Amino acid sequence: MPRPLRRDLPDGFFHVVSRGVAGGLVYLDDDDRRSFLAILSAALTRSRLEVHALCLMGTHYHLVVEGLVSELSRLMHRLQGTYAQAFNERHGRFGHLFADRFTARPIASDEHLVEACRYVILNPYRAGLVESPADWPWSRSRYGFDLA
């Protein structure tokens, strides 16, 4: 069965996830994470999308994004393509970095938006990487809700 076209998704809020090929790392160090964030920031300046939450893990990342689905696809193409090229050049490797295409799940309500942001921010805590979600330097949220 063919995968559904992205244009069939509604405009609005999305929980976006992308994973490394075969569960591989997409960030080997903090310089990789800084590079990813810089590329994301540059790509966002060329779009009308807004990021409400993000978390960079080792093998994947999460974004909670608001905007047009057509712009989301362009942003993700630019972000993942540019980052993969920079990653491969920096680490002397070639080939795909990200598995398949990114997942974008629509967020249907304000409550769902808050829960998606909580899920993203709590990811490193639930994975046992930090004692508190505030200790993970590679996640951010526009919301000041209690994460405990």
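Predicted model: local features only at pLDDT ≥ 70, side-chain atom pairs only at ≥ 80, totals over all residues.

Trainee: Okay, which residues of helix 1 are buried?
Mentor: D32, R33, F36, L37, I39, L40, A43 and L44. They cover an arc of only 165 degrees around the axis, so they sit on the same side of helix 1.

Trainee: And what do they pack against?
Mentor: The buried residues of helix 1 pack against strand 2 (50–56), strand 3, helix 2 and strand 5 (139–141).

Trainee: What's going on at the start of helix 1?
Mentor: A side-chain oxygen of D29 comes to within 3.1 Å of the backbone nitrogen of D31 there.

Trainee: Switching to rings: how many aromatic pairs are there?
Mentor: The count is 7 aromatic pairs. Among them is Y27 with Y83, a tilted pair at 5.8 Å centre to centre, with 50 degrees between the planes. That pair links distant parts of the chain, 56 residues apart: Y27 is in the loop between strand 1 (12–19) and helix 1 (30–45), and Y83 is in helix 2 (residues 69–91).

Trainee: Are those two buried or exposed?
Mentor: Both Y27 and Y83 are buried.

Trainee: Why does Y61 with F98 count as edge-to-face?
Mentor: Because the planes of Y61 and F98 are at 90 degrees, with the ring centres 5.9 Å apart, and anything over 60 degrees counts as edge-to-face. Y61 and F98 are both buried too.

Trainee: Which residues form the aromatic cluster?
Mentor: Y27, F36, Y61, Y83, F87 and F98 form one cluster.

Terms used:
Residues numbered from 1 in each chain as written. Heavy atoms only, no water. Phe/Tyr/Trp six-rings, centres within 6.5 Å; stacked < 30°, edge-to-face > 60°. Helix = DSSP H or I, 4+ residues; strand = E, 2+ residues; numbered from the N terminus. Buried < 20%, exposed > 50% of the residue type's maximum accessible area, 1.4 Å probe, protein only. Arc of directions from axis to C-beta. Contact = heavy atoms within 4.5 Å. Polar contact = N/O pair within 3.5 Å; in protein donor to acceptor, adjacent residues only side chain to side chain.
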